[in-house]
Amino acid sequence: MSTTLSSSRTVSSIVGGHPAADAPGGRETSTNPADTSDVVADVLLGDASTFVAACEAARAAQREWAAVPAPVRGRAIQQLGRLVEDNKEALSRLVTREIGKPYAESLGEVQEIVDTCNFFLGEGRRLYGQTVPSEMPDKQLFTFRTPVGVAAIITAGNFPVAVPAWYLVPALLCGNAAVWKPAEYAPAVSEAFAQLFLHAGFPDGVFNLVLADGPQTFAGLEQTLERRLVDKVGFTGSSAVGAQIGALCGRNLQSPCLELGGKNPLVVMHDADLDLAVEGALFSGFGTSGQRCTSLGTVIVDERVHDEFLARFEAAVKGAAIGDPTQDVLYGPMIHERFLRRFEDDWLGLVRDHHAVHGSSATGRITAASPRDGFVGEDPERGLFVHPTIVSGVRVDDDLANTETFGPLVGVAKFGDWEEAMALANGHGYGLSASIYTTNPKHAFRYREQISAGMVSVNNSTSGAEAHLPFGGNGKSGNGSRQSGIWVLDQFTRWQALNWDYAGRLQKAQMDVADIDADLDFRLED
Ligand code: NAD
């Protein structure tokens, strides 16, 4: 394996600008999933009290930050973007080393932060409100966007910096203070990203980092919501945890931003360009080892082209380069042992007798006894590598058609008519991303109208987002909130309405409004 072992670092929570020296949540190590003997970081974990202290620090700093003019806050975002751009390679290398994402994808992930900063630095000069005409003379109506206050952001680690940036950048730009709780399995990347925030000029306490496990985070969140220390929760992760956080927020009369799992369909019509569809299915099914929220779940293929599509897809997957993520591969290792275990124990266990398995010489972990032809790297057993798996013969009521299988596993189902295709595409209840390959605009627009997903692609894969287009899902994929672009502003600001009456007397809305005389009996002569 060509991975050069770099030194490990010690990382901890950062509250009010100060790194924590203790580890009330215990100590852990973070290892490189492509070579588990490579220790990336020693981690000092915080606990619920760390989370509470971070929210208190954020609360103490927020008002002063909100008083900084928005264009000046935009300058801090600009500086963050510059720092990220100037540290792009170093941060990308760390992403690859800690979560095993192929380096080219890591560069793309870090670029997404730069794009997000570029979008929001300008928003500091907009954050538009409106002037609205009043029903009465000598009275003006206005709307203002006001910051929500303290935002607690809890994120998954498969996009360890891009997805957090989608929350943190607009939250800070809008005048909020933030507490970020990243995934346990990406602490070194998170701490490095936090350092860039701290060097970008945000005052102490405006940005805080908490490294803690899920249960401690939940306990901290419960306390801070009850004490009204948190005004907005942003959560990206599994649908199961999202439901718990949604319930907790609901009890505290808060509407969180929930971005959850997906079972993303890709429909191949009989008139599709099959090679293009195969390329899209390969990238979205197996890129990042299938560990994206937008990873392809099931390819749903018109029966007239099913066998031809499957043959081409199988050939592409069999020939794909898999292995060392520092090299040119389709995918590297599973991000962490927990994802490897669930893939082997749970997701591969959904394959039934009526299914057929394709795509590699075996399923499960790649080892000396279960090798993968053309594996890129020296010894697959040093990392958490698994074979790619295509499962054909998937039916609408299969567990495999209805469960998010986080890993390199793609189902293939056949349809006879449109209704059958839509039942497969929508029946699972998720609604994040969906794609259709067709050369007929009628199919494309009918799909857009009937698919439950928040994001739809035509002749493009299910994966891939741009920093200025709304990102988010419906159903089991989220509560309808949207990130990115102007849409996320509604998560991190609240509309305030102002009316200003300078008539010098009390004018009552609806009651003191002038009328317009009209002759409503008037009719045109024939
Ligand atoms: P997860 O739900 O286990 O964890 C996500 C985060 O929540 C982590 O920081 C974790 O420590 C924390 N957490 C866990 N339990 C908690 C609890 N009870 N209270 C508070 N916080 C808790 O998710 P994961 O397995 O790390 O990530 C994979 C999942 O995330 C997949 O389902 C994937 O589709 C989803 N995801 C969604 C998006 C999106 O934008 N929709 C993006 C990336 C990942």
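**View 1. A nitrogen atom of the ligand sits 3.5 Å from a polar backbone atom of Gly 214.** That pair just makes it as a polar contact (N or O atoms within 3.5 Å). Taken alone, the ligand exposes 850 Å², and the protein buries 94% of that; these areas come from the Shrake-Rupley method with a 1.4 Å probe. Keep in mind that this is a predicted model, with local features needing pLDDT of at least 70 and side-chain atom pairs counting only at pLDDT 80 or more, while totals for chains, interfaces and linings use all residues. Numbering runs from 1 along each chain as its sequence is written, and side-chain values use heavy atoms, leaving out hydrogens and water.

**View 2. Side chains of Lys 181 and Ser 238 reach ligand oxygen.** An N or O atom in the Lys 181 side chain is 2.7 Å from an oxygen atom of the ligand. For Ser 238, the side-chain N or O atom is 2.6 Å from a ligand oxygen. Ser 238 is also among the closest of the 29 residues around the ligand, along with Glu 184, Tyr 185, Leu 260 and Glu 404 (a residue counts if one of its heavy atoms lies within 4 Å).

**View 3. Helix α3, residues 88-99, is mostly covered.** Helices here are DSSP runs (H or I, at least four residues), and strands are E runs of at least two, numbered from the N terminus. From first C-alpha to last, α3 reaches 16 Å, close to the 16 Å expected at 1.5 Å a residue (1.5 Å times one less than its number of residues). Nine of its twelve residues are buried (under 20% relative accessible area, 1.4 Å probe, protein chains only), including Leu 91, Leu 94 and Ile 99. After α3 comes Gly 100, with a positive phi near 80°.

Conventions
Buried < 20%, exposed > 50% of the residue type's maximum accessible area, 1.4 Å probe, protein only. Polar contact = N/O pair within 3.5 Å; in protein donor to acceptor, adjacent residues only side chain to side chain.
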